[in-house]
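Thank you all for coming. I would like to take a few minutes to walk through one model, moving between single residues and the overall fold.

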Amino acid sequence: MTGFPTVDRGRRGYSAEQVDAFLDHARAVFDGREQGLAATDIRRTAFDLVKHGYEPVAVDAALERLEDVFAERERQAARRELGEKEWFGRARELAQVIVNRLNRPDGERFTRAGFFGHGYDVEQVDQFSSRLIRYFSEGLPVSVEEVRTVVFRGERGGYTEAQVDLLLDSVTDVMLAVR
């Protein structure tokens with residue numbers, strides 16, 4: 001038992017069994033007893049929604065802290081392995097790929113879902129993309145939490161969700177790398 005609060009009656013929360021099993025595995029990886037878990041895996045983890053489950057907000061907050069710990073550990077290992085200069089060079093390269101994508105004109109940053117397809121609201125994504133451009137070019141404050149939790153409305157013919165999500169994951173990786 002992890003001590004997370006459970007949802008109120010009539011609501012669904014994360015499966016306690018799945019959350020507990022995931023956190024047990026994460027603890028074993030962190031302690032060096034098991035392998036096979038990285039910060040990006042933690043970010044992409046999902047749990048079934050069930051009656052009497054754990055409160056998602058509490059679990060998500062814990063997962064974000066766990067991801068930060070794993071990212072810091074991975075960053076230190078990469079710096080030792082590659083050396084400071086090479087490591088920062090790779091982070092800069094990834095940041096440049098992100099900036100190149102974000103610098104595309106509004107409405108053209110990502111592939112569209114198609115006329116009958118559903119994707120993210122183009123205007124909302126473009127507005128957030130403009131904030132990210134200013135983060136990378138001018139140092140405008142944007143937190144990792146904002147990038148992790150940004151939500152876009154859906155729209156017919158919007159930006160392909162998988163592409164936008166992948167870019168946001170990359171932004172998170174860069175932000176965690178340079179903390």
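This is a predicted model: local features need pLDDT of at least 70, side-chain atom pairs count only at pLDDT 80 or more; totals for chains, interfaces and linings use all residues.

Let me begin with Glu155, which is partly exposed because its relative accessible area is 23%, a value between the limits of 20% for buried and 50% for exposed. Glu155 belongs to strand β4, which covers residues 154–156. If we set aside the neighbours within four places in sequence, the residues in contact with Glu155 are Gly117, His118, Gly119, Tyr120, Asp121 and Val122. For a sense of distance along the chain and through space, Glu155 and Gln124 are separated by 31 residues in sequence, while their C-alpha atoms are 11 Å apart.

Stepping back to the whole protein, we have seven helices and four strands, and when these are read along the sequence they follow the pattern β-α-α-β-α-α-β-α-α-β-α. The C-alpha trace spans about 50 × 45 × 25 Å along its principal axes, and of the 179 residues in the protein, 39% are buried. Among the contacts with a separation of 6 or more, 78% are between residues 24 or more positions apart.

Next, the packing of two helices. Helix α3, residues 56–82, packs against α4 at an angle of about 120°, and the two axes are 6 Å apart. The two helices are therefore oblique to each other, since roughly perpendicular ends at 115 degrees and roughly antiparallel begins over 145. On the α3 side the residues involved are Arg75, Ala78, Arg79 and Leu82, and they meet Glu84, Glu86, Trp87, Phe88 and Arg90 of α4. Sorted by class, this contact between α3 and α4 holds four nonpolar and five charged residues, with no polar ones.

From α4 we can follow the chain into the loop that runs between α4 (84–102) and β3 (118–120), which is where Arg109 lies. Is Arg109 buried or exposed? Arg109 is buried, because its relative accessible area is 4%, and the limit for that class is under 20%. A polar atom of the Arg109 side chain lies 3.3 Å from the backbone oxygen of Arg104. Beyond the neighbours within four places in sequence, Arg109 is in contact with Arg101, Leu102, Arg104, Asp126, Ser129, Ser130, Ile133 and Tyr159.

Not counting residues up to four places away in sequence, Asp169 touches Arg43 and Arg44.

Finally, the aromatic rings, for which the count comes to nine aromatic pairs. One of them joins Tyr135 and Phe136 in an edge-to-face arrangement, with 5.0 Å from centre to centre and 80° between the planes. Phe136 is classed as partly exposed because its relative accessibility is 23%. Elsewhere in the list, ring pairs link Tyr14, Phe22 and Phe47 into a cluster.

Notes: Residues are numbered from 1 along each chain as its sequence is written. Side-chain values use heavy atoms; hydrogens and water are left out. Buried means under 20% relative accessible area, exposed over 50%, partly exposed in between (1.4 Å probe, protein chains only). A polar contact is a pair of N or O atoms within 3.5 Å; within protein, one must be able to donate a hydrogen and the other to accept it, and residues adjacent in sequence count only if both atoms are side-chain atoms. Contact means heavy atoms within 4.5 Å. Axes are lines fitted to C-alpha atoms, for helices over the stretch in contact, and angles run from 0 to 180 degrees between N-to-C directions. Angles under 35 degrees count as roughly parallel, over 145 as roughly antiparallel, 65 to 115 as roughly perpendicular and the rest as oblique. Ala, Val, Leu, Ile, Met, Phe, Trp, Tyr, Cys and Pro count as nonpolar, Asp, Glu, Lys and Arg as charged, and the others, Gly among them, as polar. Rings of Phe, Tyr and Trp (its six-membered ring) pair if their centres lie within 6.5 Å; planes under 30 degrees apart count as stacked, over 60 as edge-to-face and the rest as tilted.
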